[in-house]
Amino acid sequence: MRPEALNFIVCPNCAGELSLSSDASRAPEDGHIMTGGLACRRCASQFAIRNGVPILFPAKLATVNLETASRFAEEWTRWSDLRDYYEQEFFDWWLP
C-alpha cells in the first residue's frame, strides 16, 4: 500500500480518518507499506495490512463471514461427490 492511499480511504464502519499503526513496515526498495495496521481516529477500529493490501472489512461482515463459512462447510460434507452433470446444471442456470 502506498502511504498516499491514506488520503483516499476511510474507515468502513464510521467513515473516519485512518492512520498507520506504529508496527507498519515499509518495503526498502519502494517505501510501500507491506505489513502492519490501520487505526480509525474516530471509532478506534483496527484493520490489518497484509502483503501491501489494507483489509478494510466492516465490523458487521465478520459475523456474516462466519455464518457463510459454516454453511459451506456443511454443504461440502453433504455434497462431497462432484459429478459432471452438476457442472452442466450450474451453467444452465447462470448462462443465457
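Visitor: What makes β1 and β3 count as paired strands?
Guide: In this predicted model, strand β1 (residues 18-20) and β3 are joined antiparallel by 3 bridges. Pairing takes at least two bridges, so β1 and β3 qualify. One place to look is L18, which stands opposite C40 in β3.

Visitor: How do you know that β2 and β3 pair?
Guide: Strand β2 (residues 25-26) and β3 run antiparallel with 2 bridges between them. The rule asks for at least two, so this pair passes. R26 has I33 as its bridge partner in β3. The two strands form a hairpin with 6 residues between them, and G31 in that turn has a positive phi of about 80°.

Visitor: Why is β3 called mostly covered?
Guide: Buried means under 20% relative accessible area. In β3 (residues 33-40), 6 of the 8 residues are buried, so the strand is described as mostly covered.

Visitor: What makes up the largest nonpolar core?
Guide: It has 8 residues: M1, C11, L18, I33, L38, C40, F47 and I49.

Visitor: Which residues does F47 touch?
Guide: Leaving out residues up to four places away in sequence, F47 touches several, including C11, L18, L38 and F57.

Notes: Residues numbered from 1 in each chain as written. Predicted model: local features only at pLDDT ≥ 70, side-chain atom pairs only at ≥ 80, totals over all residues. Heavy atoms only, no water. Buried < 20%, exposed > 50% of the residue type's maximum accessible area, 1.4 Å probe, protein only. Helix = DSSP H or I, 4+ residues; strand = E, 2+ residues; numbered from the N terminus. Core = buried A, V, L, I, M, F, W, Y, C linked by side-chain atoms within 4.5 Å. Contact = heavy atoms within 4.5 Å.
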